[in-house]
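Please keep the sequence and the 3D view open as you read.

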Amino acid sequence: AARKQQIIESALNHAYEKNLERQAVVDERNLMCDSLRLSMGQASFAEVRERFERRVESGSLIELDSKSPGRAFTTDEIIAYERDTIVRMRAGKNQHETLVVPETRREIEEKYAHLTRSQRAALERILSSHDTITGLEGVASAGKTTSLAAMREAAEHEGYEVKGLAPTTRTARKLAESGIESGTLRRYVNPGEQPDWGQKKRLYVLDESTLAAAKQINEFLHRLRDEDRVLIIGDSRHNEAVEAGRPYQQLQEAGMENLDRQGRVHEIVDPRELLTEIAREYVREPRATLAISPDNESRRTLNALIHREMQERGDVSREEHNLRVLDSRYEMTGADRQWAVQYEVGDVVRYTRGSKVLGMEPGEHARVENVDTKENRITIERANGEHQSYDPRRLSGVAVYQEVERCFSEGDRVQFTAPSKELHVANRELGTIEKINDADVQIRMDSGREVAFSMREHAHLDYGYAVTSHSSQGQTAVRVLIHVDTGRGQQLVNSRFAYVSISRGQYDVQIYTDDRSELARNLSRELSRRSATEGQEQEPAAQEVKTASARQKVDEQEQGHAHGIGFGMAH
């Protein structure tokens with residue numbers, strides 16, 4: 001009986017960690033499904049349900065108002081993080097002189113007179129702010145780099161050291177294009193990282209804040225010094241259309257019916273033929289074209305089809321090279337990676353942070369040789385042939401992949417699927433293959449830089465023709481081809497998917513769907529992630545965030561979705 005109770009408690013813990021890793025509020029059905037999956041064959045539904053209800057009664061799970069038929073829950077820890085963040089932001093109101101003096105602001109405005117009216121207005125709000133934390137919403141990708149460069153120059157003139165932070169490596173690289181030294185937020189708040197404070201006051205620029213977890217934001221704010229300032233840039237979807245590009249404006253003004261009349265919507269019922277038609281349209285004008293699909297399965301199929309069409313057209317060599325690549329197991333969350341039952345023999349594990357216990361260097365890989373679900377242990381084989389066994393709950397900062405075969409050719413558009421310090425590439429950075437010799441690959445990055453390496457040493461490569469909407473954030477293209485499968489659920493096809501996908505296009509957007517009649521309804525479905533404090537009365541002071549909990553390491557997938565923080569931004 002004691003063993004069974006331990007299994008049920010472990011299953012419930014896993015379900016909470018998995019679901020609350022990426023959302024602040026989670027549906028009861030998801031919690032129960034994951035709990036039952038892990039305890040299957042060892043506990044009944046009634047037994048798991050009983051322990052679940054006990055947790056609700058004890059207050060370890062807090063029920064919130066739900067618009068869906070089922071109950072919705074959060075935890076007091078997440079509520080504490082959100083409330084504390086709100087309190088800190090309010091406490092920073094009108095605590096400083098303006099970021100720059102009027103003379104500096106006028107000089108910058110004269111120097112950057114080519115900025116649009118809305119960009120100039122946003123820059124003026126930032127430079128004249130008296131707050132510790134300033135929020136900025138609706139900055140278009142096309143104008144963000146120039147606007148931030150102007151802001152950086154003004155702040156540095158006033159003696160600030162400007163530092164950039166972002167949820168992902170690729171977004172940090174984009175931020176760095178404005179001349180701001182940038183890195184990931186996760187690394188900055190990692191307890192093992194000691195911030196180099198230096199002597200200067202700092203202005204932090206946190207980009208793509210809606211992709212950052214509440215815990216990371218809170219820990220970041222706790223590290224600020226009295227003289228530091230923060231600019232938080234986000235996009236809350238309701239106001240994301242500010243300078244998002246003409247296609248999105250047309251969608252707003254004309255509606256889906258007019259887009260259909262304009263010939264931008266194409267209906268093909270057969271799924272395979274639908275993807276094939278997107279591939280044909282892609283190769284008609286491949287330069288500066290981006291294809292977007294809602295899920296990884298259709299993205300992989302679409303990439304393979306475009307690869308073949310590019311060969312037929314002659315833009316890509318017909319000589320193929322079968323290379324072994326590491327394909328991410330996107331479905332595994334940080335909570336999943338703590339349980340042996342989620343691993344499969346043959347999986348490849350990348351130890352992003354390394355491990356002193358196992359003697360692993362950061363970035364080292366190992367293959368899973370055995371899985372012991374009862375003892376929750378996996379056995380790995382390292383590159384030197386050494387075997388080691390460990391409980392995955394004892395390690396954080398790992399990524400899990402499956403080894404698959406990809407056929408690459410010279411001329412193929414590709415993207416890196418993991419960062420590399422040695423190669424100086426970011427996750428999801430794009431380029432074109434120039435040469436392939438056995439496992440040696442030479443790629444010209446979109447930045448113009450040449451990168452040469454062996455796939456035996458860095459197997460994190462994939463086609464770059466088609467991406468998911470989540471991976472497309474931060475990218476822009478002249479032309480965007482969007483695959484909308486109306487059979488996909490609300491989690492994948494919704495208003496957020498519509499905005500992110502459509503706003504990537506600068507001049508043209510084409511939508512391909514299997515059901516024109518369902519298109520408008522599916523792309524209007526709301527899927528805004530709730531904050532834990534949403535709908536609750538705001539208290540004058542936050543609950544104190546428990547020190548031990550706040551110091552725990554954050555282990556989240558770099559391109560995984562993270563729940564946002566609950567605050568509004570000026571726009």
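The side chains of K163 and E181 meet in a salt bridge, with 2.9 Å from N to O. The term salt bridge is used here for a side-chain nitrogen of Lys or Arg within 4 Å of a carboxyl oxygen of Asp or Glu. K163 lies in strand 5 (residues 161-166) and E181 in strand 6 (residues 181-184), so the pair ties together parts that are 18 residues apart in sequence. Helices (H or I, at least four residues) and strands (E, at least two) are DSSP runs, numbered from the N terminus.

How do the two partners sit, buried or exposed? K163 is buried, at a relative accessible area of 14%, whereas E181 is exposed, at 54%. Buried means under 20% relative accessible area, exposed means over 50%, and partly exposed is in between (1.4 Å probe, protein chains only).

## How the model was read

This is a predicted model, in which local features need pLDDT of at least 70 and side-chain atom pairs count only at pLDDT 80 or more, while totals for chains, interfaces and linings use all residues. Residues are numbered from 1 along each chain as its sequence is written, and side-chain values use heavy atoms, with hydrogens and water left out.

How many salt bridges does a search of the whole structure find? The count is 50. One of them joins E273 and R280, whose closest N and O atoms are 2.9 Å apart. E273 is partly exposed, with a relative accessible area of 30%, and R280 is also partly exposed, at 37%.

Another salt bridge links R488 with E297, where the closest N and O atoms are 3.8 Å apart. R488 lies in the loop between strand 23 (477-484) and helix 15 (495-502), and E297 is in helix 13 (residues 296-313), so this pair ties together parts that are 191 residues apart in sequence. R488 counts as partly exposed at 26% relative accessibility, while E297 counts as exposed at 53%. Salt bridges that share partners also join R299, R300, D327, R406 and D462 into one network.

An open sheet has five of them in the order 20-19-18-17-21, with antiparallel pairing. Strand 20 (450-454) and strand 21 (461-463) stand at the edges with a single partner strand each, so one side of each is left without a neighbour in the sheet. From one strand to the next, the twist averages 40 degrees (axes are lines fitted to C-alpha atoms, for helices over the stretch in contact, and angles run from 0 to 180 degrees between N-to-C directions).

Within this sheet, strand 18 (residues 430-437) and strand 19 (residues 440-445) pair in the antiparallel sense over six bridges; two strands pair if DSSP finds at least two bridges between them. I436 has V441 in strand 19 as its bridge partner.

## A covered helix

Helix 10 (residues 214-222) is mostly covered, with eight of its nine residues buried. Among the buried residues are K215, E219 and F220.

## Two residues with positive phi

Most residues other than glycine have a negative phi. A288, although not a glycine, has a positive phi of about 60 degrees. A288 is found in the loop between helix 12 (271-284) and strand 10 (289-293), and is partly exposed at 39% relative accessible area.

R428 is not a glycine either, yet has a positive phi of about 70 degrees. R428 is placed in the loop between strand 17 (413-416) and strand 18, and counts as buried at 5% relative accessibility.
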